[in-house]
Amino acid sequence: MRFAAAVLRSYESRFTLEEVMLNAGPDDGEVLVKIAGCGMCRTDLAVRHSAGRSPLPAVLGHEGAGVVVETGGPDTGLSPGDHVVVSFDSCGHCQNCMGAAPAYCDSFPSLNLFGGRKEHAARFTDAAGSALAPRWFGQSSFAEYAMVPARNAVRVDPTLPIELLGPLGCGFLTGAGAVFHSFGAGPGDTIAVYGAGAVGLAAVMAATAAGAVAVAVDRHPERLALAERLHAIPVHAASPGLADLPDVPGLADLPDLPDRIRQLTDGGAHYALDTTGSPRLINHALRALRPTGHLGLVARLHVPLPLEPGTLDRGRRISHICEGDAVPGLLIPRLTRLWQAGRFPFDELIRTYPLTDINRAERDCDAGRVVKPVLIPAGKGR
Ligand SMILES: [Zn+2]
Ligand SMILES: [Zn+2]
């Protein structure tokens, strides 16, 4: 079959809308999904800086949601017409998959980031018949259709706005899962969130839903206003006249930041989530934790992380969190139920764009003008 997709041909080029071809129907255990909407995530854009590790040309997009149109074999557990959110891929049989930790699948990097399932590579080509990279995150959803493993397609209530649900498969899953699973936060706990983007604001919503108190730290006033609307205490971490942090352009170094967070959290936060990957901010975040506090990192570190003396004293700990420690088939329905109850208003973070405007969505994302772009194939946006 032929359909439209946004193709990235080089690390520097714009996305181009092209006709692509899938040269076979679903294998056993796969489903073909007509994409209703696909979120744009930082990890899609990070491909540009992957220094050759993520193969091109590729169809990116890993926050797809849509409607099943064809199933492969009798064992997918899905039927044509089912509405699904497509999450990350995992093998299903390594120790971590068997232990309900699929985000730490032994094959996570190869299945999601660096090459996909090689046995399926030849099926996906451009209009001229030249091979495209194997599917990205088990999906490649910046397209009208995606062929996905049924294992990472999560059925959802068909009365929900399917075109908006894709980010529940990665960005919103990551922030909410960190709060619910990695931290196990509960009523009265305090959570400091560094960076009020899609992941950070999902953590804020989850904290509020769990009865915890969130403090959101960011340099964009409009993002802090959004965090405040989601019931976080806003802390503006940029100050004119102070030098920018070398590792996070525009974010000023505020030596009093840990003190401010400790004041706002009655002696230090129980939990902290860093979405920036900035070593200096990570040190601040550790100093603003109470004893036994837990700092979770979700951004990929691009430089060594020196920890200043004392930052890990008194039982404080730090860990990297992938995909919110989530089992997507459990967490995504939980998040949609919370949304229906008005307690996880993720749609407030979304702006939709037609898939043809993918380059404008990327520019808006880079400039901080949008928290979560969602691309609608053949849609008009809003
Ligand atoms: Zn696995
Ligand atoms: Zn993502």
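A residue is termed buried under 20% relative accessible area, exposed over 50% and partly exposed in between, with a 1.4 Å probe and protein chains only. The model is predicted, so that local features need pLDDT of at least 70 and side-chain atom pairs count only at pLDDT 80 or more, while totals for chains, interfaces and linings use all residues. Residues are numbered from 1 along each chain as its sequence is written, chains are lettered from A and ligands numbered from 1 in the order in which they are written, and side-chain values use heavy atoms, with hydrogens and water left out.

The zinc ion (ligand 1) is held at 2.4 Å by the SG atoms of Cys 91, Cys 94, Cys 97 and Cys 105; donors are N, O and S atoms within 2.8 Å of the metal (3.2 Å for Na, K and Ca). The spacing of these donor residues in sequence is C-x2-C-x2-C-x7-C. The arrangement is tetrahedral because the four donor atoms subtend angles of 104 to 117 degrees, the criterion being that all angles lie between 85 and 135 degrees. Cys 97 counts as buried at 10% relative accessibility, and Cys 105 is buried at 5%.

An automatic or database assignment divides the chain into domain 1 (2–169 + 345–376) and domain 2 (175–322). Their C-alpha centres lie 29 Å apart. Twelve residues of domain 1 contact 13 residues of domain 2, contact meaning heavy atoms within 4.5 Å. One salt bridge is counted between the domains, a salt bridge being a side-chain nitrogen of Lys or Arg within 4 Å of a carboxyl oxygen of Asp or Glu. The side chains of Arg 229 and Glu 348 form a salt bridge at 3.3 Å, N to O.

Methods. Four donors count as tetrahedral if all angles lie between 85 and 135 degrees; four count as square planar and six as octahedral if opposite donors are over 155 degrees apart and all others between 65 and 115; anything else is irregular.
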